[in-house]
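Please find below a colleague's note on the model under discussion.

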Amino acid sequence: QYPNQASHLDMEIPEIDCWNGTCTLSLEGRILPKLLPCQHTFCQEPCLKGLVNEVNRKVKCPECRAVHKIPREGVSGFPNNRTILSFLEIPLEQIPGLNSNGPLTCHFCSLKEELAVCCHCEKHLCDSCQHLHMEQLRLDLKRLVSQLRRSVPKLSNALGALEQKLASLKQNVEAVRAEIRRSVERFIAELKEREQVLMLEAETLVELWQLHKQSRELIGQIRYLDEPDEVQPKVLRFTANTVALHTDVVKFGSVSWATKNSTPLQLLSSSLSRYQATQNSHRSITVSTQSSIEMYSPLTINNSLNPLPRMASNYLSSNSQLGQRASSSDSQKGRLQFKFGSKGSDLGHFTWPRGVAVSPEGWIIIADRYNHRIQIFDRVGRFIRKFGKEGACNGQLSYPWGVTTDGLGFIYVCDKDNHRVQVFTLDGQFVRRFGRLGSGDGQLEHPHYLTITSQNQVVVSDSCNHRVQVFDKYGRFVSKFGSEGTAPGQFKYPRGLAVDHEGNILVGDSGNNRIQIFRPDGTFLQAFGSWGTGDGQVKGLEGIAFYGGDIIISDRENHRIQIF
């Protein structure tokens, strides 16, 4: 039973045989096979039309007794059975056993006249039906053309949508390619930076290994010096050519030589007779000093196993001589030794140079600000090399300001208008960079000066952020201190930086016209200086340095250098 089967319908079902296109109700041979939803096929007229119940507009299949609703357009609304239609379109004369039925008739009027075959559908038509058939074909073609024309805008819109999707896909592909390219470049840059870091660590390890070897050698020498002598050395005597000098020396005690486990032997006695007795027995060595002093060579020590090590100096200097030598050296300070450079952009010339540093080799490193480069000279001012040019890429500079070096010879440059710090080797090869424009941790805005601590930390004056930031040697943020203001520990456009012998950080607080001192952890210690032109007053403090316990500052708008 089918779900839509209606057994209550009392309908007589005639015997219908629509097999091979031949119907017992219609023997005319002109059939149109229709396919019911139950998949049984019957001709449209008169078989199915005779089975239609006009009251409820339903039809019952004679084969399976399934009841089906009639489409709105009637029985013709059922789909055609295309398989049977393809068989029915075969000319009758080609079907065995049908040629005996008699001559062919017109496909439409069934007249046995002279027939013509349609070139489109290969149907046999008489003259009158042929004209009607061609007219019908023209109408069908016109209808199809109009349908195609109506479909053209839809096809155009669909094609436009496809083109837009294709363009969007192309853009997405290009964006993905660019992102992949940027990612690859970033990874390559990170790998190169990591390579530089590993190279620095390797160099540090090599340096530590060399220091370890040197320490072992020094320990061996110390142990050698501490070993007891098998034979005690003879008395060493220092004799002078005047009684006064001998008396002055004896006032401080006697000179002795002692081994590790023995009693010191008196070398310089206060006995004047011993001095007089030995004065003529040894060859004298004269040392040219302010007042001539003669020293006599010591007695020979018969100790072949542990010879007495020689000292670096074989003469003595009195306190007065040391003072004279120091004053002589001080008298040379402030005297011009040589100069080099002039205004210009050629090699060895400068345009508003700023920061200056000295490498461990003694080379002079200068930030040539308006030429956007770094120049390096030897100790006598001979040009060695330059690196950098204007730009924002790696190795390029924009108005460089402060410059410094670390113990390994790497050059750190405040790339001021690029808001970053760049690190180079001594031969000008780019190593890494850190910092970018901003006010967050590790970000910079117009950094001016920087310095290196004894722990190899990089201290940067983040001028327009009114603070000081500390990085490790690889450019990783460590700490920060300071904020905008005039209170102790606050800054206004800090400039110069320096580190004293205790590791304290000295900051040139330019906008507040003072110098502030902080502990290595950023804790405020003290401040001194004020605005003015008097001694100890500053106007527009710029660079700052620490040497020999003195603080040296550049008093910019007073056009002078002050030392505290």
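The points below go from the basis of the model to the whole chain, and then to individual sheets and residues.

1. Basis of the note. The structure is a predicted model, in which local features need pLDDT of at least 70 and side-chain atom pairs count only at pLDDT 80 or more, whereas totals for chains, interfaces and linings use all residues. Residues are numbered from 1 along each chain as its sequence is written, and side-chain values use heavy atoms, with hydrogens and water left out.

2. Overall composition. The protein chain contains six helices and 32 strands; these are DSSP runs numbered from the N terminus, with helices being H or I of at least four residues and strands E of at least two. Of the 564 residues in the protein chain, 34% are buried (buried is under 20% relative accessible area, exposed over 50%, partly exposed in between, with a 1.4 Å probe and protein chains only). The accessible surface of the protein chain is about 35,900 Å², and carbon and sulfur atoms account for 53% of that surface (Shrake-Rupley method, 1.4 Å probe; for residues, only the protein chains shown count as cover). Among contacts between residues at least 6 apart in sequence, 42% join residues at least 24 apart, a contact being heavy atoms within 4.5 Å.

3. Annotated spans. The unreviewed UniProt entry lists a "coiled-coil region" at residues 152-186. In the model, residues 152-186 are 100% helix and 0% strand, with the end C-alpha atoms 50 Å apart. Residues 525-564 are 0% helix and 62% strand, and their end C-alpha atoms lie 16 Å apart. UniProt positions are given in the numbering used here, feature names are shortened, and annotations may be inferred rather than shown by experiment.

4. The sheet E20 to E23. Four strands form an open antiparallel sheet in the order E20-E21-E22-E23, where two strands pair if DSSP finds at least two bridges between them. Strand E20 (447-452) and strand E23 (477-481) are the edge strands, each pairing on one side only. Neighbouring strands of this sheet are turned by 20 degrees against each other on average, direction ignored (axes are lines fitted to C-alpha atoms, for helices over the stretch in contact, and angles run from 0 to 180 degrees between N-to-C directions). Strand E21 (residues 458-462) pairs with strand E22 (residues 467-471) in the antiparallel sense over five bridges, and Val460 stands opposite Gln469 in E22.

5. His448. This residue is found in strand E20. His448 is buried, at a relative accessible area of 6%. A polar atom of the His448 side chain lies 3.0 Å from the backbone oxygen of His446. Leaving aside residues up to four places away in sequence, the residues that His448 touches include Trp401, Cys414, Ser461 and Arg495.

6. Arg433. Strand E19 (residues 430-434) holds Arg433, which is partly exposed with a relative accessible area of 41%. The side chain of Arg433 makes a polar contact with the side chain of Asn394 at 3.1 Å (a pair of N or O atoms within 3.5 Å; within protein, one must be able to donate a hydrogen and the other to accept it, and residues adjacent in sequence count only if both atoms are side-chain atoms). Arg433 and Val423 are ten residues apart in sequence, and their C-alpha atoms are 6.0 Å apart.

7. The sheet E3 to E5. Strands in the order E3-E4-E5 form an open antiparallel sheet. The edge strands are E3 and strand E5 (67-69). Two bridges join E3 to E4, and Val52 has Val59 in E4 as its bridge partner.

8. Positive phi values. Most residues other than glycine have a negative phi. Arg57 has a positive phi of about 50 degrees; Arg57 sits in the loop between strand E3 (52-53) and strand E4 (58-60). Tyr399 has a positive phi of about 55 degrees and lies in the loop between strand E15 (383-387) and strand E16 (400-405). Tyr399 is partly exposed at 24% relative accessibility.

9. The E31-E32 hairpin. Strand E31 (residues 550-555) and strand E32 (residues 560-563) pair in the antiparallel sense over four bridges, with Gln562 in E32 as the bridge partner of Ile553. Four residues lie between E31 and E32, and His559 in the turn has a positive phi of about 55 degrees.
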